[in-house]
Amino acid sequence: MSSTPIGQCQPYDPRNANYPLNLWWVAGRSDELEDGKLVSRKLLGTDVLLYRKSDGSVAAMEDRCIHRGLPLSMGWLDGDKIVCRYHGFKYSHEGKLVEIPTQERCPKRGALRTFPIVERAPFLWIWMGPEGEADIEEVSDFPWLRDPNWVWAGGHLNIMANYMLLKENVLDLTHFPFVHQTTFGALDDYEAAATFVQEGSRVAFIKEFNNQPLSPIYNKDLEWGDRLVNRTDKGMSVSPAEHLFTATIVDPNAGPGERSEYLFRFQHLTTPETNTTHHYWWAASRNYGVHDDASAWIASIAQTAFAEDKEVLEAIQRRINESPAPLELPEVSAIADQGGLMARRQLQAYMERESR
Ligand code: FES
Ligand SMILES: [Fe+2]
């Protein structure tokens with residue numbers, strides 16, 4: 001295996017934020033906001049309060065009362081207004097202070113910061129950059145997660161590691177036979193490198209597994225045993241917030257008029273929490289074997305595998321955090337790291353655009 005220098009790319013400095021604000025990030029899942037539920041979540045270093053209004057849309061604002069700083073998520077809703085639990089200051093869903101119980105008038109400058117938020121079920125997307133720059137057209141949507149011909153499972157992990165460690169992890173699947181020996185990796189041969197491509201601002205890898213038996217995660221409910229089939233994996237870092245993986249499975253023995261193509265997808269949606277921690281929402285879906293127990297089975301295998309990644313990434317981050325000079329930690333890259341290095345440059349381009 002040959003190695004390439006990392007050039008100007010650097011490991012992550014825990015002292016600096018390495019995420020752009022001008023981007024739609026996942027803030028949570030639609031099904032978290034049941035009637036009257038207040039969700040508090042730190043996103044991009046800011047504590048955000050999320051709740052569903054009576055018209056079904058979602059409100060997002062800073063989770064800190066401007067009186068004496070209690071998290072508003074400890075209070076309660078009065079219609080669409082939020083009441084602080086400490087001295088009863090009341091705010092509209094637009095973040096405006098509308099009532100102080102002990103006096104008639106409210107100071108005019110009493111307002112909380114609010115954030116544009118868009119629901120594309122099953123996910124909620126938030127914009128934390130300057131409000132005027134938010135473009136709803138740029139919000140991602142995954143309609144197949146609402147399609148009855150697909151089955152899916154999803155979850156959320158709070159990972160104590162910089163989100164780019166996960167971005168790089170999902171762009172380099174050569175970790176499968178090591179980290180996921182029993183979950184994902186059993187049959188696939190990752191020794192030959194993937195092909196890496198730049199598609200506009202997106203970074204992708206493509207890897208073909210032709211004439212091979214299917215790994216158990218894909219074979220479940222096809223029950224093809226050792227049958228030799230063709231599979232193309234494509235993983236893409238769509239933006240720093242989103243990675244989409246699709247396995248396209250083709251049965252070369254399908255007769256005329258018989259179904260020959262099957263899709264399995266993973267979404268890896270990463271939102272920084274702090275400089276050294278992140279939220280990881282994943283979704284795993286397929287358009288075959290759609291039955292009542294399928295979702296639970298997909299969830300169980302994906303949960304186990306992603307817990308394996310979490311353990312590895314958190315151990316790496318601990319070493320970065322403990323280092324007195326994190327930028328000087330040596331790092332040698334392999335050919336398989338090309339996608340990860342391209343993702344670092346993708347991020348760099350976002351950061352540069354933002355600083356202009
Ligand atoms: S801290 Fe919220 S009302 Fe006083
Ligand atoms: Fe993994």
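Lys90 is buried (under 20% relative accessible area, with exposed over 50% and partly exposed in between; 1.4 Å probe, protein chains only), its relative accessible area being 13%. The structure is a predicted model: local features need pLDDT of at least 70, side-chain atom pairs count only at pLDDT 80 or more, and totals for chains, interfaces and linings use all residues. Residues are numbered from 1 along each chain as its sequence is written, and side-chain values use heavy atoms, with hydrogens and water left out.

The side chain of Lys90 meets that of Glu99 in a salt bridge, 3.4 Å from N to O. A salt bridge here is a side-chain nitrogen of Lys or Arg within 4 Å of a carboxyl oxygen of Asp or Glu. Glu99 is partly exposed, at 34% relative accessible area. Asp221 forms a salt bridge with Arg286, and their closest N and O atoms are 2.6 Å apart. Asp221 lies in the loop between α3 (216–219) and β15, and Arg286 lies in strand β18, so the pair ties together parts that are 65 residues apart in sequence. Asp221 is partly exposed, with a relative accessible area of 30%. Arg286 is buried, at 0% relative accessibility. Shared partners join the salt bridges of Asp78, Lys90 and Glu99 into one network. Arg29 and Asp31 also meet through their side chains in a salt bridge, 2.7 Å from N to O. Arg29 is buried, with a relative accessible area of 15%. Asp31 is partly exposed, at 45% relative accessibility. The count of salt bridges comes to 15.

The description now turns to the sheet. Helices (H or I, at least four residues) and strands (E, at least two) are DSSP runs, numbered from the N terminus. Two strands pair if DSSP finds at least two bridges between them. An open sheet is formed by 7 strands, in the order β12-β18-β17-β16-β15-β14-β13, with antiparallel pairing. The edge strands, β12 (151–159) and β13 (195–199), each pair on one side only. From one strand to the next the twist averages 15 degrees. Axes are lines fitted to C-alpha atoms, for helices over the stretch in contact, and angles run from 0 to 180 degrees between N-to-C directions. Strand β18 (residues 278–286) pairs with β12 in the antiparallel sense over 9 bridges. Asn158 stands opposite His279 in β18.

Two helices lie across strands of this sheet. Contact means heavy atoms within 4.5 Å. Helix α1 (residues 163–171) lies across β12, β13, β14 (202–212), β15 (229–239), β16 (242–250), β17 (261–272) and β18. Its direction is at about 160 degrees to β17. Helix α4 (residues 294–322) lies across β12, β17 and β18, and runs at about 25 degrees to β12.

Some backbone geometry stands apart. Most residues other than glycine have a negative phi, and most peptide bonds are trans. Ala121 and Pro122 are joined by a cis peptide bond, with omega about 10 degrees. Pro122 is placed in the loop between β10 (117–120) and β11 (123–127). Leu44 is not a glycine, yet has a positive phi of about 50 degrees. Leu44 sits in the loop between β3 (39–43) and β4 (46–52). Leu44 is buried, at 5% relative accessibility. Asn211, also not a glycine, has a positive phi of about 60 degrees. Asn211 lies in strand β14 and is exposed, at 53% relative accessibility.

Definitions and conventions:
Chains lettered and ligands numbered in written order.
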